[in-house]
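I opened my notebook to get to know a new structure, one entry at a time. Come along and look with me.

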Amino acid sequence: INYQLMKKLILIIITIMFFNSANSQKTPSVVTSVDLNRYKGKWYEIARLPNYFERKLKCTTAIYTLRDDGKITVVNGGNYISDPKKTTSANGVAWIPDKNFPGKLKVQFFWPFSGDYWIMHLDTEYRYVLVGDPALKYLWILAREKRMDEPTYKMLLQKAIDNGYDVKTIIRVEQDCN
């Protein structure tokens, strides 16, 4: 047995496997149209993948307001789990960088950094939405009401899975604040 040849062959196989797995990450699909006038307003966070900036929060919401320049003012807020009477919020701006892809927004909470805000599923009545990013790191299920029926929730979870998300660690957000 030629061990040098065997080592090279194993190295080539591992390299091919690595690049195939890196390239096989699914890119989430996005909606093809968004009416920002219908999208604006208050959304309640029903569920999310764990993330650093919301780790201590419950009763989280997002409020979107249209601006005269075509961009969207974003106010994300929530109550602290440890002291629900205390609240916090973050102000940002969102925009659609390419009008041909209205479901792919950018959001910025501090300059010069921005993140992807991709709308993967949007109810025709704008009652609920599934939002994420192409790196599959962030995921939110938002709704106009504080509660969501279980069939709708499960359907949105399945859409997230179909888009490549691992939802094993998803957090159901408490919406029990006034």
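**Notebook: a strand, a patch and a helix**

I began with Phe110, which sits in strand β5, residues 104-110. I kept in mind that this is a predicted model.

Is Phe110 buried or exposed? I found a relative accessible area of 55% for Phe110, and over 50% counts as exposed, so Phe110 is exposed. Phe110 also belongs to a nonpolar surface patch with Phe109 and Phe113, and together they have about 340 Å² of accessible area.

Next I looked up Ala143, which lies in strand β8. Its relative accessibility is 4%, so I noted Ala143 as buried. Which residues is Ala143 in contact with, leaving aside its neighbours within four places in sequence? I listed Trp43, Tyr44, Ile46, Arg127, Tyr128 and Met148. Of Trp43 I also wrote down that its C-alpha is 5.3 Å from that of Ala143, though the two are 100 residues apart in sequence.

Then I turned to helix α3, residues 150-162. With 13 residues at 1.5 Å a residue, α3 should span 18 Å, and I found its end C-alpha atoms 18 Å apart, which agrees.

Which residues of α3 are buried? My list reads Thr152, Tyr153, Leu156, Leu157 and Ala160. They cover an arc of only 135° around the axis, so they lie on the same side of α3. Pro151 and Lys154, on the other side of α3, are exposed.

I also checked what covers the buried residues of α3: the cover includes β1, β6, β7, β8 and β9.

Technical notes
Residues are numbered from 1 along each chain as its sequence is written. This is a predicted model: local features need pLDDT of at least 70, side-chain atom pairs count only at pLDDT 80 or more; totals for chains, interfaces and linings use all residues. Side-chain values use heavy atoms; hydrogens and water are left out. Helices (H or I, at least four residues) and strands (E, at least two) are DSSP runs, numbered from the N terminus. The expected span of a helix is 1.5 Å times one less than its number of residues. Buried means under 20% relative accessible area, exposed over 50%, partly exposed in between (1.4 Å probe, protein chains only). The arc is that of the directions from the helix axis to the C-beta atoms. Contact means heavy atoms within 4.5 Å. Patches are made of residues with over 30% relative accessible area and no salt bridge: like charges are joined within 9 Å, nonpolar side chains (Val, Leu, Ile, Met, Phe, Trp, Tyr) within 5 Å. Accessible areas come from the Shrake-Rupley method with a 1.4 Å probe; for residues, only the protein chains shown count as cover. A salt bridge is a side-chain nitrogen of Lys or Arg within 4 Å of a carboxyl oxygen of Asp or Glu.
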